[in-house]
Amino acid sequence: EPYRSKITKSDYRKLTFTDIQFVRKAGWIIGLDGVILSTQNKGKNWFIEKWGSFSFRDIYMINQKKGYLIADNGFLFKTDDGGIKWKIVSLKNIRNHLKSIDFNKKFGVIAGSENTLLLSTDQGESWNKVNAEFPLNNENFIDFNDVQLLGENQIWIAGDKGNIFFSPDMGKNWKRYQYTLH
């Protein structure tokens, strides 16, 4: 595992954490500079590792064993053993920053910079780029910062510059959500 290394106590104050998730007693905290913390006892003890200099942005654990990490520069990682080992998943021609990942049953979605949106229909075993027309206001690209699957058909995206997008049909068609501030 060429990316693994140890973190010294003097490094702790320099850490930036980006996401946290618990599944029953198991938990994970991820961060910039390749940092992954894991626990198997609800946080009583934490194991800390450094995986290269990857900027981890979001984690989604489907269960205590299977899960995914996303990072800048188009990196997706998968574990089948609760995070003991993480394997890089190849995403063809994706180099944009990946920012958010979500699952609902067998469906998965990843959102990132410059209109990057990836879908999975097999619980993350394969991913396809969504080539949809987003209703942008005179802009070529915006960054998608967070994504949420709602039910088996709806996708919501929160993006830069006040943009919120909604798809009622798993990404085939998109609408800009028109919100009113009260």
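## Arg57 and Asp72

Arg57 is partly exposed, with a relative accessible area of 30%; buried means under 20% relative accessible area, exposed over 50%, and partly exposed in between (1.4 Å probe, protein chains only). Its salt-bridge partner is Asp72, at 2.9 Å from N to O. Arg57 lies in strand β6 and Asp72 in the loop between β7 and β8, so the pair ties together parts that are 15 residues apart in sequence. Asp72 counts as buried, at 12% relative accessibility.

A salt bridge here is a side-chain nitrogen of Lys or Arg within 4 Å of a carboxyl oxygen of Asp or Glu, and the count comes to 5.

## Basis of the model

This is a predicted model, in which local features need pLDDT of at least 70 and side-chain atom pairs count only at pLDDT 80 or more, while totals for chains, interfaces and linings use all residues. Residues are numbered from 1 along each chain as its sequence is written, and side-chain values use heavy atoms, with hydrogens and water left out.

## A salt-bridge network

Lys78 and Asp80 form a salt bridge, their closest N and O atoms being 3.8 Å apart. Lys78 is buried at 13% relative accessibility, whereas Asp80 is partly exposed at 44%. Salt bridges that share partners join Lys66, Lys78, Asp80 and Glu125 into one network.

## The open sheet

An open sheet of 4 strands has the order β6-β7-β8-β9, with antiparallel pairing. Its edge strands, β6 (56-61) and β9 (87-89), each pair on one side only. Strands are DSSP runs (E, at least two residues), numbered from the N terminus, and two of them pair if DSSP finds at least two bridges between them.
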